[in-house]
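Reader: I'd like to learn how to read a few features of a protein model. Could we go through them together, starting with how helices pack?

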Amino acid sequence: MRHPSQVLFAGEQPFPMMPAVDHYAGSEKLMYKALQLQNELGPIFDVTCDCEDGAAAGAAREHAEMVAAVIMSDANQHGRVGVRIHDLSHPHWQQDIEIIVTRAGRRLAFVTLPKVRGSDDVRRLLGELSRATTAAGLDRQIPVHVLIETHGALREVWDIAALPVVESLDFGLMDFVSGHHGAIPGSAMQSPGQFEHPLVVRAKCEISAAALANGAVPSHNVTTELKDLDVIRDNAQRARNEFGYLRMWSIHPNQIVPIFEAMRPDFSEVEDAAAILVAAQDCEWGPIQHHGKLHDRASYRYYWELLARARATGMSLREDIKQRFFGNP
């Protein structure tokens, strides 16, 4: 039986299927705490080790060395640990790449670049990352995530999304609002303002549209609510259902579970997806009827990505479905 990836996306770059939560940790203690939680819950979220805001002044080298050690440690059981480096105006951004790629490049899940001013900044990072990867003797391309938080980055977001190796576009709400010199009120950094102010809504829509059109994952900004799980869950649901974001940042362990629950596909739709794909595969991907409705390869593509996303977000699938489509016993 031919696999959906062989039939439905021939000649196309497969869409990234990453965990729906990107959890940030700045200190060694918080990084290991996040990895402990990841090992308890499973790889339902990524851990991003933060060099930009995590490193103490004058300790950029020591911080990068510590991050590399965390990535290579036994605590990283799932290989889903990335890094946010310093922005390109910082004197140590290249040092971040040099140290982390050289010491931990084979296990580095991704590199996130903040405060880009446009596509040329991303190209500069890609060149440096390629050089460091080659120098380290690595036979792989390390995925890149790009923070869209400046006027220039938003203006060139479609060019950025189209660059090779760009796996995710992340919206940096706080810096974006701050960059408007008070024209956007501070209330737009929180809910419900972040989902209602026209300039913020425009940015969220443009980033999501550019990412999805170019095969990258749109990743939503953080929520500042740390304790009220209903507020956290509602923010994630609005990001997913109203703006098409498939991933969201977390800055506190309390946020991880409500975000990934809100980002999961609807369970009943996942059940339909499994039934449709089984029937389609059994008839060699020709048209079928399901509950009185016609399905063909156009709808198979939708349901296959839905099923793959369900698995990436930790939903429980039947054993026969896992065996048939994902090779799990």
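Reader: Which residues of α3 meet α4?

Author: Ala60, Arg61, Ala64, Glu65, Val67, Ala68, Ile71 and Met72 in α3 meet Gln95, Asp96, Ile99, Ile100, Arg103 and Ala104 in α4. Contact here means heavy atoms within 4.5 Å, and helices (H or I, at least four residues) and strands (E, at least two) are DSSP runs, numbered from the N terminus. Before going on, note that this is a predicted model, where local features need pLDDT of at least 70 and side-chain atom pairs count only at pLDDT 80 or more, while totals for chains, interfaces and linings use all residues. Residues are numbered from 1 along each chain as its sequence is written, and side-chain values use heavy atoms, with hydrogens and water left out.

Reader: What is the angle between α3 and α4?

Author: Two packed helices are described by the angle between their axes and the distance between the axes. Helix α3 (residues 60–72) packs against helix α4 (residues 93–104) at about 25 degrees, with the axes 9 Å apart. That makes α3 roughly parallel to α4; the cut-offs are under 35 degrees for roughly parallel, over 145 for roughly antiparallel, 65 to 115 for roughly perpendicular, and oblique for the rest. Axes are lines fitted to C-alpha atoms, for helices over the stretch in contact, and angles run from 0 to 180 degrees between N-to-C directions.

Reader: How do α12 and α14 pack?

Author: Helix α12 (residues 267–282) and helix α14 (residues 319–326) have axes 11 Å apart, at an angle of about 50 degrees. That makes α12 oblique to α14. On the α12 side the contact is made by Ala274, Leu277, Val278, Gln281 and Asp282, and on the α14 side by Ile321, Arg324 and Phe325.

Reader: Now charges, please. How many salt bridges are there?

Author: Side chains of opposite charge can pair when their charged atoms come close. A salt bridge is a side-chain nitrogen of Lys or Arg within 4 Å of a carboxyl oxygen of Asp or Glu, and by this rule the count comes to 22. One of them joins glutamate 52 to lysine 115, with the closest N and O atoms 2.8 Å apart. Glutamate 52 lies in the loop between β2 (45–50) and α3 and lysine 115 in the loop between β4 and α5, so the pair ties together parts that are 63 residues apart in sequence. Both residues also belong to a salt-bridge network with Asp50, Asp53, Arg84 and Asp175.

Reader: Are glutamate 52 and lysine 115 buried, or partly exposed?

Author: Glutamate 52 is buried at 13% relative accessibility, whereas lysine 115 is partly exposed at 31%. Buried means under 20% relative accessible area, exposed over 50%, and partly exposed in between (1.4 Å probe, protein chains only).

Reader: What about lysine 204?

Author: Lysine 204, in helix α9 (residues 198–213), is buried yet has no salt bridge. The nearest side chain of opposite charge is glutamate 242, 8.6 Å away; Lys and Arg count as positive and Asp and Glu as negative, with His and the chain ends not counted.
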